[in-house]
Every structure is written in structure tokens, then in C-alpha cells.
Amino acid sequence: MSNLLPNSLIHSRSIYLKQHAYNPIHWLSWGEDSLARAAKEQKLVIVSIGYAACHWCHVMERECFNDPEVAEIMNEHFICIKVDREERPDVDAVYMDAVQALHGSGGWPLNCICLPNGKPIYGGTYFPKNQWIKILLDILNLVTADPERAFAYAEEITQVIQQNEKKVLTSLKHISTDINFVKLIFQSWKSYLDFEFGGSLHTPKFPLPHNWLYLLRFGVLSQDSAALSIVETTLDAMASGGIYDQIGSGFARYSTDNKWFIPHFEKMLYDNTQLISLYAEAYRYFQKPVYQEVAENTIRFIQRELKQRKGYASSIDADSEHIEGLFYVWKYADIQVVLGGLAAIACDFYGCTEAGNWEHGNNILAPRYSDSEMAKKLAISEQEWKTKRSQINHVLFENRKKRVHPTIDDKIITSWNALFISSLVESYKSFQKEEYLFEAMALADTIVESSCEDFQVFRCPIAESDNITGFLDDYAFLIRAFIDLYQVTFEGYYLEQANNWLLYVDAHFRDETTGFYWFSSTLMPPLIVRKQEIHDTVIPSSNAQMAHNLWDLGIFLDKPEWKERAKKMLLQIAPKIETYPSIYSHWAILLLKQAYPDFQVSIVGKDALTKMQFLWKKFIPNILFSGSYQKSFYPLLRDKFVLDKTLIYTCQGEVCYEPDTSCENALQKIQTNFR
């Protein structure tokens with residue numbers, strides 16, 4: 001450690017902030033007190049943002065923030081503030097916009113130099129020591145020699161951020177959001193897709209599950225073979241690539257190459273939960289056993305590695321022993337020792353060589369053959385090969401456990417745990433294993449227990465003090481999770497809870513002018529810019545999710561005004577979807593509900609759940625399920641109970657068909673009317 005005496009971050013609950021607690025820099029955490037101190041001392045502010053699993057954050061810490069020369073400059077001339085971007089995504093979004101306005105791109109670590117009022121003068125990402133020192137001294141000289149110019153520059157950057165925020169939304173246009181428009185979206189998207197290796201054509205390649213969920217649903221609804229092909233190619237390539245941990249399961253954050261082979265080794269809860277949902281949905285359509293294997297093994301990975309007392313941890317570091325990927329890669333000689341007589345087969349299957357298939361003589365494990373190809377090569381049955389492969393993986397996994405493990409960021413984030421609830425529900429639907437439903441229900445109960453009586457939730461719900469109130473994504477994905485739970489349990493409690501949270505969001509987040517939602521609530525101290533999260537990143541945008549919530553709850557609770565609000569939100573975004581489909585794909589999924597028929601299937605009677613489970617077996621998008629075992633007063637179920645019968649009611653928009661007792665007949669009715 002660089003300093004025997006810790007700075008103030010030692011009292012933080014954030015693992016990332018605590019990682020900087022023994023830097024020789026007088027770090028403060030983000031808050032009004034820190035900015036007030038900067039104003040009082042009339043010092044510039046350094047806002048340095050990162051997260052615990054970030055490899056280059058660790059590199060800059062070693063090169064700069066642990067260096068006495070750097071620390072002396074920063075401590076004397078600046079108020080230095082460290083921010084965990086996962087705790088404070090609102091702060092991160094503002095300064096990321098500043099860096100992108102300056103350079104056209106951004107990333108982490110994110111470092112901004114600001115006036116005492118928080119307005120940025122300059123910013124960037126990773127800087128080596130000498131460059132960082134030069135930037136600090138140059139900014140100091142500018143402010144000292146020409147303070148008016150510095151203040152004007154900070155004001156200009158802030159205005160650019162504010163103007164960019166206003167430009168996000170398009171005025172309402174009367175465009176036709178029909179099937180032809182939806183097909184144009186895919187036509188404009190095609191040239192950016194990698195039909196050979198899956199994903200997009202540029203590198204690095206991020207999984208972006210919401211892209212493939214959209215294309216899967218679009219492909220099924222439109223029977224577009226090219227859309228279905230790119231989804232299948234992408235899922236196959238990721239499952240057999242180095243981005244997927246072949247030994248311990250779970251996906252890395254992204255691939256640095258175009259074949260999904262070389263991962264950036266950090267593992268994030270939000271990526272893995274969404275990929276579970278994607279593979280589970282895709283399994284129902286493609287019926288590929290490998291998709292079930294990937295989804296279920298990823299659930300096991302999350303439960304094994306990230307389980308905490310009251311939820312699931314946010315991430316696993318890319319580094320161990322200060323080396324990226326060290327925990328996951330293998331030397332050829334080590335494989336020989338560990339596997340003995342199985343080593344030759346394992347190295348052939350996983351593409352391991354004596355020289356290494358990656359850097360520094362290391363090997364990344366990624367299958368070169370399918371199971372059937374490997375079985376044929378060995379002249380054994382496919383089942384015999386799968387048994388042998390399981391044996392190889394088990395031995396390697398047990399040996400790998402003895403290594404120094406990467407650090408786990410045990411921070412529990414409400415929105416990411418809500419995503420896990422939804423992925424467990426999706427897996428329950430696809431694989432019909434009750435343990436997934438029970439885990440989803442238990443996690444939902446834990447989050448509710450941590451919320452307030454007025455339905456306020458917290459960003460990190462288990463902290464004992466300094467709770468940060470939840471952001472829009474926390475509420476949006478919680479509402480979604482409870483809508484999902486209702487549809488597989490028929491428990492009205494989940495629908496009522498979702499309704500109460502939506503009313504809370506309307507009261508504390510809604511922008512009455514645009515109809516969209518602010519990312520932070522009225523309970524949060526204001527930043528230099530108040531933002532609305534509109535486009536998708538690696539996680540669907542919180543406004544897109546709220547539009548989905550308004551649409552679905554508008555149907556379940558017979559609130560047509562909520563559906564109308566969702567339509568108006570979508571109408572403002574629709575012109576952007578055709579131009580930038582990959583960053584508006586969650587909006588595009590809502591568009592599918594308007595362009596194609598959407599169905600409400602209500603099952604009433606003592607066998608309601610059994611019949612619903614039959615209907616899950618066929619993957620059909622655009623269906624909302626509701627049900628009851630007895631009389632119910634929910635709008636979709638009212639007056640539909642008939643003694644000693646279980647009836648399936650199928651409605652399409654405002655039209656309802658004759659009820660069925662047969663699941664096959666109901667399914668046929670849906671399929672016939674989809675086109």
C-alpha cells in the first residue's frame with residue numbers, strides 16, 4: 001500500500017472506493033459536502049469515475065494514483081472526488097457526456113477536471129503518469145493565467161451537454177409504425193451485422209442481448225430467415241467462444257476480436273442475467289440443447305459466485321494478481337499435468353498449443369468442434385464424448401479453484417437483481433424447473449423487504465446507512481420483474497406491487513413536458529444537467545422499459561391512458577429506430593407489439609397453471625398471460641370463471657374469441673391470427 005494511513009474512502013461501502021482508500025491522494029466521495037469544500041477553498045475538482053471490475057481503472061491507479069509525485073500535485077491544487085459509477089450512474093452519465101463531447105468517445109476510468117461548481121473544463125479516460133501530470137499542470141496554468149477563458153470554456157461544455165440532452169427527443173411525427181416500417185429497420189441494420197461470426201461488424205464485440213432479443217422476435221413474427229440466421233449465428237458463436245467461460249460458465253463483458261475468442265475478462269451481473277433470458281427464449285424457438293445448457297450453467301455460475309445474503313453481487317474483476325485474465329487462462333504444460341491422459345483430447349478440442357493461442361504463452365479455452373464433430377473424430381458416441389468433456393471440465397474447474405480468485409464486487413444493485421428475477425422467470429418458462437421460480441420469488445421478497453413504506457427503493461438496498469435512493473432503472477426493471485412474476489404465478493400481489501411502483505415513478509420521475517422520465521428522482525440533489533436515459537447501452541434504456549411497463553400494465557389493469565402514453569413515447573423515438581436500431585432495440589420490441597397482433601391469453605379454472613405451461617412450449621412473441629383459479633375482479637379475468645371448467649380466453653386487441661378448453665385449439669387460434 002502506498003500510504004499507511006487511509007483516506008476518507010476507507011469508510012465507504014463501495015469496494016471500488018475502498019480500493020482507493022490507501023492511495024496517497026486525499027480522495028473524497030461524491031456529495032454536496034465535497035463540492036461545498038471545493039467552493040470554499042476555491043479549488044478545481046477532479047472527478048474520477050470507475051468500477052471495481054475495470055481493468056484500466058486498476059492500471060491508472062497503479063501508475064498515477066499510487067504515485068507520490070502525482071499525489072502531491074492533486075492534493076495541493078485540487079479537491080479529488082472518487083465515484084463508483086455503478087452506485088452513481090447519474091454522475092457518471094453527466095461526465096461521460098462531457099468526455100464524449102470533447103473527444104467523440106468515452107470509457108472508464110473516466111477523469112474530469114471541473115470548476116468548483118462541478119462544470120467540466122477537461123476530461124478523458126485512461127492517462128499514463130506523465131500525460132496526467134501534464135494535463136493537471138496545463139489546466140492549472142490556464143485557470144491561473146486566464147480564469148475568464150477557463151470559466152467560459154466550462155460553461156460552453158456544460159451548454160453542449162444540456163443542448164445534447166434536449167436534442168435526444170424528436171417532436172411527434174405522423175409516421176406509419178406498421179409492418180413495412182419494422183421491415184425497413186432490419187434492412188437498414190443488415191449492413192452492420194456480421195453474418196459470418198455473429199454480432200456486429202465492428203470490434204470490440206459486446207453481447208448486447210436486447211439486440212438479439214429484438215431480432216429473434218422480429219424474425220419469428222415476420223418469418224424473416226436472415227434475422228433468425230444472425231441470431232442463431234451469434235448465439236452459437238458466443239457459446240463456443242472465449243467470451244463464454246467454458247469451465248466455470250458465465251460471460252465476460254465483451255470480446256476484443258471479431259470471433260468472440262479473446263474476452264475482456266470481467267464478468268458483470270447485468271450481462272449474464274440478460275444473456276440467460278436470451279438463451280432461454282432462443283431455446284424455445286430453435287430447440288437447441290446447447291442454449292439450455294448455456295442458460296442453466298450461467299444461472300449456476302451466478303448462484304455459485306455472486307450469491308450474497310440479500311441478493312447478488314454486481315461483478316467479478318478481470319484481474320487477479322494484477323494480471324488481466326490470469327485466473328482463466330492455461331499454460332499448455334499445466335494442462336498436461338492436471339489432465340494427464342485426457343490432456344491431448346482437451347487441447348485438441350479447446351485449441352490449446354504449446355506456444356499458446358493467446359499472449360505470453362497462455363491459452364484461452366474455446367471449442368474448435370461441435371460435440372458431434374468431436375465424437376466423430378474420436379469414433380465414439382456423442383453421449384460418450386459429452387461425458388468425457390464433462391470430466392475434463394470438472395478436473396480443470398477443481399484445479400482452477402486453487403488459484404488466486406479475482407475480486408468480487410459484493411455491491412447489490414437493485415436494477416441488476418431485478419434483471420436476474422426476470423431471467424429466472426424466463427428460464428422457468430423455458431425449462432419448467434420450479435427452483436428457478438422459487439429463487440425469483442425469494443429475491444423479489446428480499447427487495448420488497450428493503451424498500452420503504454411509500455414504495456421508495458434504494459440503489460443498493462442492503463446498506464445500513466447513506467442509502468442512495470433508487471434511479472429510474474431500479475424502478476423500471478423492478479416493475480418489469482413483478483409483471484413477469486405475475487404472468488407465471490397468477491398472484492395478484494405482483495401486479496399490485498408493479499402498479500404501486502409505477503405510480504411512485506410517475507410522482508417522482510416524470511417529465512410532464514415530454515412524457516418521458518428523468519433518470520434521477522426529485523428527491524436527489526440536482527447535478528449540472530438533469531438527464532433522461534433514452535437509448536440502450538449494454539442494458540435497455542430505463543425509459544424504454546417504462547414504456548413497456550405502461551403498455552403492459554395498461555392492458556392488465558384496463559388503463560388505456562397508460563397505453564396511450566407508451567405510444568406517444570414510442571412515436572417520438574420511432575424515427576431514430578430506423579437510423580440507429582442497435583441502440584433503440586428495446587424500443588423496437590415495443591414497436592413489434594403495435595405493428596403485429598398482440599394477444600392477451602387469460603386462463604381461468606383449477607388447471608390454469610398446467611394449461612399455461614403447455615402454451616409456453618411454443619415460442620410466440622407478443623403475448624401477455626393472466627389467470628386465476630377462481631373468480632377474479634381483474635379486468636382481463638372478470639366474469640370468466642365457470643365452475644368445474646378451465647377455460648382459455650384469447651383476445652387480440654379489442655376482439656376476443658370463443659373460449660377453449662383445449663390448449664392445442666387456443667394455440668392454433670393464436671398462430672392463425674398472427675399474420
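Helices α10 (225-239), α12 (289-305), α14 (343-350), α15 (371-378) and α16 (382-400) each contribute at least two residues to the lining of the second largest pocket. Helices here are DSSP runs of H or I with at least four residues, strands are E runs of at least two, and both are numbered from the N terminus. The model is a predicted one, in which local features need pLDDT of at least 70 and side-chain atom pairs count only at pLDDT 80 or more, while totals for chains, interfaces and linings use all residues. Residues are numbered from 1 along each chain as its sequence is written, and side-chain values use heavy atoms, with hydrogens and water left out.

The second largest pocket holds about 940 Å³ of space. A pocket is an open set of points on a 1 Å grid over the protein atoms alone, where a 1.4 Å probe fits and protein lies on both sides within 12 Å along at least five of seven lines; lining residues have an atom within 4 Å of a point. The volume is the space filled by probe spheres set on the points, which are joined across faces, edges and corners. Of the 32 lining residues, Gln246, Val290, Glu293, Asp371 and Arg389 lie nearest the centre of the second largest pocket. The lining divides into 11 nonpolar, 10 polar and 11 charged residues (Ala, Val, Leu, Ile, Met, Phe, Trp, Tyr, Cys and Pro count as nonpolar, Asp, Glu, Lys and Arg as charged, and the others, Gly among them, as polar).

Turning to the aromatic side chains, the structure holds 34 aromatic pairs, a pair being two rings of Phe, Tyr or Trp (its six-membered ring) with centres within 6.5 Å, classed as stacked if the planes are under 30 degrees apart, edge-to-face if over 60 and tilted otherwise. Tyrosine 312 and phenylalanine 420 form an edge-to-face pair, because their ring centres are 4.8 Å apart and their planes stand at 75°. This pair links distant parts of the chain, with tyrosine 312 in strand β10 (residues 311-316) and phenylalanine 420 in helix α17 (residues 414-431), 108 residues apart. Tyrosine 312 is buried at 1% relative accessible area, and phenylalanine 420 is buried at 0% (buried means under 20%, exposed over 50% and partly exposed in between, with a 1.4 Å probe and protein chains only). Elsewhere, ring pairs join Tyr244, Phe251, Tyr279, Tyr285, Phe286 and Tyr291 into a cluster.

Charges also sit over rings, a label that requires NZ of Lys or CZ of Arg within 6 Å of the ring centre and within 35 degrees of the ring normal. The charged end of arginine 403 lies 4.0 Å from the ring centre of tryptophan 330, and lysine 559 is placed over the face of tryptophan 562 at 5.1 Å.

In α11, 17 of the 18 residues are buried, and glutamine 287, which follows the helix, has a positive phi near 60°.

Most residues other than glycine have a negative phi, and most peptide bonds are trans. Glutamine 223, in the loop between α9 and α10, has a phi near 55° and is partly exposed at 47%. Serine 249 has a positive phi of about 70° and is buried at 8%. Cis peptide bonds join tryptophan 108 to proline 109, with omega near 5°, and threonine 203 to proline 204, with omega about 0°.
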